[in-house]
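Here's a quick tour of two chains that sit side by side, with a look at the partner's fold along the way. Have the viewer open as you read.

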Amino acid sequence: MTPPRSSLTVTDLKVRAGEGEDARLLASLPHLDVAAGTCVAIVGESGSGKSTTLHAMLGLTDGLAVSGRIMVGDTDVVTAPEKALTTLRGSRVALVSQSPQSSLNPTMRLGTLMRRVLARHGIRGAVARQRADDALRDVMLDPELLRRYPHQISGGQAQRFAIALAVALRADVVLADEPTSALDVTVQAAVLQLLDRLRAEHGIALVLVSHDLAVVSRIADHIVVMRHGHVVESGPAADVLGAPAADYTRELLAAVPTLGE
Amino acid sequence: MARRLRLPALAAALAACVASVAGCASGTPPATTALTPTFTYSYPLDVITDWDPATSYSNELVALQNVYESLTRYDPGTGTVKPQLATSWSSTAGGLTWTFHLREGVRFHDGNPVTAQAAKAAIARTIAAQGGAAYIWGAVSSIDTPDPHTLVFHLSYAAPMDVIASSDYGAYVYDTAPPGVKPGALKSWLEAAHDTGTGPYTVADWNQGQEAEVTLDAFPGYWGGWSGRHYRQVVFDHTPDVTTAWQTLETGDVDFRSQLNPELFKEATHFRALGTQATASLQNLIAFFNTAAGPLTDVRLRQAVQNAVDYDGLLAALHGSVGPAQGLIPSGLPGNDPALTRHQNLPLARKLLAEAGYGPGGRHLNLSLTYAQGDDAQQLFVTLLSSDLQALNITVDARPMQWNAQWAQAKATDPAHRQDILLMYWYADYASAYSWFVNLFHSAQPVSFNLSYLDDPVVDKEIDAIPQLTATDPAAERANYALLQRQLLEQDAAAAPLFVNTYQRVYASGITGYRDNPAYPDVVFVHDLEPSP
Amino acid sequence: MRFLTQRLAQSALVIAGVVALTFVITRLVPGDPAVTYAGPRATPAQLTAVRRQLGLGASLPDQLWRYVTGLLRGDWGTSLHTRRGVLTDISTALPASLELVGCAMVLAVVVGVPLGLLGAHLRLGGGRSRGLGRWGRWGRWGRAAGDGSVRATSMLAVSVPVFLLALAVQNLFAAQLGWFPVAGEYTSKLNQTSPLEHLTHLTVVDALLTGNWPVLDSALAHLVLPALVMAAYPVGVVAQMSRAALLEESAAPHARLERAYGFSRLQVLTRFSLRPASGPLLALLALVFAFSLVNAFLVEEVFDWPGLGRYASAAITSSDAPAIAGVTVVVALTYVVTNLLVDLTQAVIDPRVRL
Amino acid sequence: MTDVSPTLAPPAPAPDRSAPPTPAARGGQARRLLALARRDLPATVGAVVLLAIVLAAVLAPWLAPYPGDGSHATHPLDTLAGPGGRHWFGTDAVGRDLLTRVMYGARTSLTVAAAVLTVSALVGVPLGVIAGYTGGVVKDVIMRITDVFLAFPALLLSVALATVLHPGTGSAIIAISVGWWPWYARMACVTATGIRSRGFVDAARCLGVSRIRIMARHVLPNALTPVLVQLSLDAGGVILTSAALSYLGLGPQEPTAEWGLMVQQGQDLFITDWWVVAFPGLAILLTAFCFNVLGEGLRSALDPHRELTR
C-alpha cells in the first residue's frame, strides 16, 4: 500500500520583506503536506501571514524574499524560473480569491475570460468548449452565464465561476483565499459544500485560508493556525478543534459564535 | 527627404504650351526661348488690400506694378523719368499744358487698344474715385485727346506732370470698359481679382490669406515682347516669418525677399547662392504726435518726446538697416536737409517736461502708442523710446497692431479713443517731397493720413503752394520745404522722423538685371529680370 | 437610454452657455467693429450702413438673439479682417488644424500608451527573474532607470512650452540641417505644376484621394515637424496617464487572479488591464484633443500653418470679434461633442457604463 | 487616476479619501514630507531648483548683474552680444543683459502664477464647497456654470479674454484665472459632497451649528487638502499658459521682462543669435518642469494611496 500522493509539500518556508538587517519575517511555515483529495486549512487573523503563505505557493510574492521549498509535484515554486511558473499557475495550482466579483475583469465576458485562460494553457476550440461546459455543470452554473459580464451576476455565481475555472483547468491544487468571506451566509454554505465535493470527486488538494474557524471546521482535514507569521498550532482538524493546544487557538474558537447554535 | 520636386520635363512642356498660346493670341511671332517657369517673391505682409488701380494705395503695388503701367517711369539712376506708355512728352505755357504721345499698338489685357481716350477715361476715373493717390492729379483741370495717340493735360497751376505720371500709385493707365463688364460694375469685377492693365503680367490667381497669395501669368501680347530670357509666371508668397523666408531663400524655393532682418542680411552676404542689394530708400519711419487730443496737445510735451528719442542709438541698434532721418524728406529728394538731423537732448527734454509740470519729480505721464505688429524695427524703437521716457517719468503704453486696426483706431470718431503716438512709414508717390506734406500734415476731414490731426491754416496754405513752385521755381520750392519742416518739426513738433529705411534685398544670385528702384518701394519689375538659364 | 438623454440635455445646456459666454466676451472687444469692417475709406453714410448690417445699433438682447439665430442658420458673421464669412473661413482653416491635431492624437496613442505600458511594466518589476540573483540588483537599477526615464521624458514633454519646442525644432531640423521644410502646408509652387483639388480640405487626404503625389510628398514633408511638436504634450500626458492607470489597474484584485491563472505580468497589462484602464484614458484624450486645438494656435504661428490657430492670431491682432467668437465657439463645441462621443465610447469599452 | 495634464488640463478631482485632519495627522504629513525628501530625489531636486529660482526672482535687484536692464534701461550700442564674460547669457536686440532679464522674468512668471492660483482657489473653492455642501438646485446651477467654463480649454478662454482686456500683467492674471477656477470649484464640490455625509458634520448639525459655520469650520478645511496638492501640480501649468499668452502678445508688455514675450521678440533672431530665445525659453521649461516634479512628489507624499503609481 502506497501512501496517498502528495500534491503540495512545503518545507522550511520563510517569506521576508526587505533585505539584510532590515528584513522582516512575514510568514514562516516549517512543514506542510497536502495530499490529493484532502483539505488543509490555514487559519489566522489578518496580518498573520496566511495570505502571504498562500501567494508564496503560487510564486506571486513580488518584491519579497522567499526561502525554503514549495514542491508542487516535481517543481519547486521557490526556485523555478518564471516561465515554468506561468505554466504551473492555473494548470496545476489554481487560485480562488477573496472578493469574487472584483477578481473578475470587469470589461470581459465570463466566456471570454474562460476561453483566454484555457487558451493560455493550450486548450482551445471544441476541447475548450467541452471543458468549460463540463466545469460549469460541475459547479452548477448555467452555461448561458458565459455571455454575461461580472457585474451582471451575483457574488455566489462569481465564486462558483472562479471555482469552475480551476475545475476546467484540472488543477491538482486549489488555493482558496477566504472564498466565502464576501458572501451571504446562505451562499457561503453552498460554496463550501461545492469545494468539498470537488475535492472529493476530482481528488483536488485544497488549501483553504480563512480567519473563520467555523468555516474551516466544516471541511478541513488538517488545520494550521498562524499568528504574526508563525505557526501556533498544526494538526488534524479534530484535534485542533477538539483539544486546542495553543491559547490563541482557544481564543479563536471562543470567538466563533455560530458553534453550538 | 525630398522637399522640392523639380519636374523639368513637365515645366518645359508647360512653357512650350504657353509660348504657343502666346503666339496664337497676339499674332506676334511666338517667343523663341522657353520661359523660366516662376519667379517667387516672398513678401512679409498680405499682398492685396485693394485691386482697383484707381484707389490702390498699399502693399498690392508690388503686384500691380507688374500688371499696370503708367505713362512714364522714374529712373533713380539719372533722377529723370523714362518713357513707358508714353514715348515722348513736352510742356508749354510755363508748365500749364502737357502733351504726351502714346506708344502705338499697345493693347490692354482684355484686348482693347490703348488709346488716348482710354487713358483719359482711366485718369478721369481715378480722379473721380478720390481715393488712394488721386491727389497727384490735383493740378489737372481738363484732358484733351486730339488724336488716338495724343493726350493733352491742361493744368490749373503748373506741376511736373511727367514726374507725376510716374507715380507709384494712382497713375496707372487701365481700361475702364473691359468687354462684358457693366459700366457700374467695374470695381466689383476688379475686386474679384481681375485686371485691365497693359503690363507684362496679368492676374491669374488670388488666394487671400494663403501662403501663395497672388499668381501673375505672363501676358503674351505684352508690347515689350518676350524675347530673351524671362519669367513665365510670378508668385507672391505671403511669408510673415523671417525664418521661413530665410530657409526658402536658402533652398531656392523663393527667388526674392524684400526684407529680412539686419542679422540675416549680413548672413546672406556670405552666401554664394544669394545676391544682396542695399539701397537707401525714399521711405522713412515717422512718429506722429496727437496734437488734437490727449496730453500731447501741449506742444512742450511733444518737443520733450522729440528730444528724448535716442536717434543715434536707434541707428546703432538697427545694424545698418536704416539711415538717419534728415528732416521729413529722405536724402535723394529735393528739400532734404542734413542739418535737420536730430540727436537726443535729454536735458532739454527734462526742462520742457518740467515747464509743463511733468518729468522726474513732476506729474506722471502716460502715453499710448500704436505700431505695426511684426515690424522688428518699430518694436525696437518702441523699446528704446519706452526706456528713455521711463527715465523721464513717462510711461509708454505701446500696442502692436495690424495696420487696419491701427488705422481704424487712429481715425476713431471719438478723438479720446485715438492714440497719443502713432508710428507709420511714409514714402513718396512720385519723386517729390510734396507727398509727405500734403498727406501727412495738411488738414483733412475725415481723418486720412494726417495722423497728427494738425489743423493749421498757415501750414495748409504753404503746402498748397508747393506744386506750383515745383514746376516754376525750384529754389523757392526748396525754401518752402525748409520753412515747412522747421514749422512742423520744431514749432508745431507734430511729428518726429526717426530713420530712413535701407532696403536690404536678398535674391537668388542667378538672377541678373535686378536693380532696386526706391521710387517704387519693394517692387520688382519682373519683366526686366533675366533668370539664369 | 435615460443616461443618454440626460447627457444630451447637459451638453445642450453647456453649448448654450458657451454661446452666451462667447457673446459676452466678444461684445467687449475694443474698437469699433464697423470702422474696422467698413475699411479706411468709408464715408459716414457707409459706416451707418455697415453698423446696420452688423446689427450694432440694436439692443443687447436683440443682438444676442440675432447672434444665436445666426449661429443656427450658419451665418456666423463676417470676419473683419478677411471680409469673408467666419464659417467659410473656419471651414477651410479647421481641417488644416485637424490634420495637425489628428496626427498628434494618433502619436499620443501609438507612442504614449506603449511608453506608459513600458513604464508600468518596469515599475512592476516586469521581465526580471525571480529572487535576487546574480544580476538582480543591477536589474532592479536598470528597471528603475527605465521607468524613471519614461516618467522624466513624459514630464519633460508636458513641461516644455510648445512654442519653444516649435522654434527649436524648426531651427534645428529645418533651418540648420535642412531635413524638413521650415513652414507652410506644402510647397506653394506645386500649385502651378500639379494643382491640388480640394475635397476635404485635409491636404494629405485630398492629395491621396486625387492621386496628387507631388503634393502628397510635399505635404507629408511639411507635416512632420509641426505634427511632432504638437504631439509632444499629448504623448507626455498619455504616457503619464496610461502608466498610472495601468498601475492602478494592475493593483486591482482581478490582476492577481489573472496572474494566478498563468498570465505573465506583461500579458496581464496588455491583455487584461489595458481595457479597463482605457476608460479614463479616453476621457483624457478628449481633453487633450481640445487642448491640442488651442496649442495649434502657437504651433501654427511658428510653422505658418494655415489653420485655425493662425486664423485666430490674425483675428486677435486685428480685434476681429466675429472671427474670435467663431473660433472660440468651434473649439468649445468640438470639445463638448468630443466629450459626448467619449462618454458613448466608454459605454462600449466598459460594460458597467450603461446608456 | 493621476497625471492628467498639469499644463492645460488640471486633473479631474481625486475622490476624497482624507479623514478630518487631526493635529497628529498633520504631524504625520510633516513627517511624510521629510521622509519624502530622503526618498524622492527628483522632487527634492525640483524643490531646491525652484527655491533657487524664487530666490533669484526675489533678490533680482541685488543679484542681477545689471539691475536696470530688468526694467527700463536699454543699451543700443551693445546689442546682440553673444554669451560671454560680461554677459553670461548675452544681450538682446536693445542691448539688455539677458541674465538680468531672465531673472526679472522669473519675478513676472512667479507673480502671475501665484496670483492666478490664489484667485482661482479663492473663487473656486468656496463656490465648490457651497455647491457640494448645499446640494440640490444650488449645486446644479453652480456646477452647470463650471461646466460651461470647462468647455473652453483654459488657454482658449484666456486668449479670448486677453484679447478683450488691455494687454498687461493684470489682465493676464484675470484672463488665466477665469479659465482656471472651475477646476477648483469642481474638485471642492466633490470633496464637500463626500464630507457632507460624514459623521462629524452630522454631529455638528445636530448640535445646532449654523450651515455657514459648518462649511467654514468643517467642510472647507477638509476640502483644502486635495486643492493644495492640485495647486502645486497646477503651478507649472499656469507658468506655461501665461508664457503662451505672452508669446501671443496678450500678456505683460515691454519693458516688463516676461519669458514668453522674450521668446516671441527674439524668435526672428533665433538663427543668428540663438541666445535671445534659448535662455528665456529654457527658463520656462525648467520652472514648469520643477513645479511638475515637485507637485507629483507632493501628491504622492500627501496621498499615500497613490504610493504605487509613483
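## Before we start

Helices here are DSSP runs of H or I with at least four residues, and strands are E runs of at least two, both numbered from the N terminus. Keep in mind that this is a predicted model.

## What chain D is made of

Chain D has 11 helices and zero strands. Walk along chain D from the N terminus and the pattern reads α-α-α-α-α-α-α-α-α-α-α.

Of the 310 residues in chain D, 60% count as buried. Take the chain D contacts between residues at least 6 apart in sequence: 71% of those link residues at least 24 apart.

An unreviewed UniProt entry puts the feature "transmembrane region" at residues 41–64, 110–133, 145–166 and 270–294 of chain D.

How does the model look at two of these? For residues 41–64 of chain D, the end C-alpha atoms are 29 Å apart, and the span is 92% helix and 0% strand. For residues 145–166 of chain D, the end C-alpha atoms are 26 Å apart, with 77% helix and 0% strand.

## Where chain C meets chain D

How many residues of chain C are in contact with chain D? The count is 45 residues of chain C, against 42 residues of chain D. On the chain C side, the elements giving two or more residues are helices 1, 6, 7, 10, 12, 13 and 14 of chain C. Helix 12 of chain C supplies the largest share, nine residues.

By class, that side of chain C has 38 nonpolar, six polar and one charged residues.

Note on methods: Residues numbered from 1 in each chain as written. Chains lettered and ligands numbered in written order. Predicted model: local features only at pLDDT ≥ 70, side-chain atom pairs only at ≥ 80, totals over all residues. Contact = placed C-beta atoms within 7 Å. Nonpolar A, V, L, I, M, F, W, Y, C, P; charged D, E, K, R; others polar. Buried ≥ 20, exposed ≤ 12 C-beta atoms within 10 Å, placed from the backbone. UniProt positions renumbered as here; feature names shortened; annotations may be inferred.
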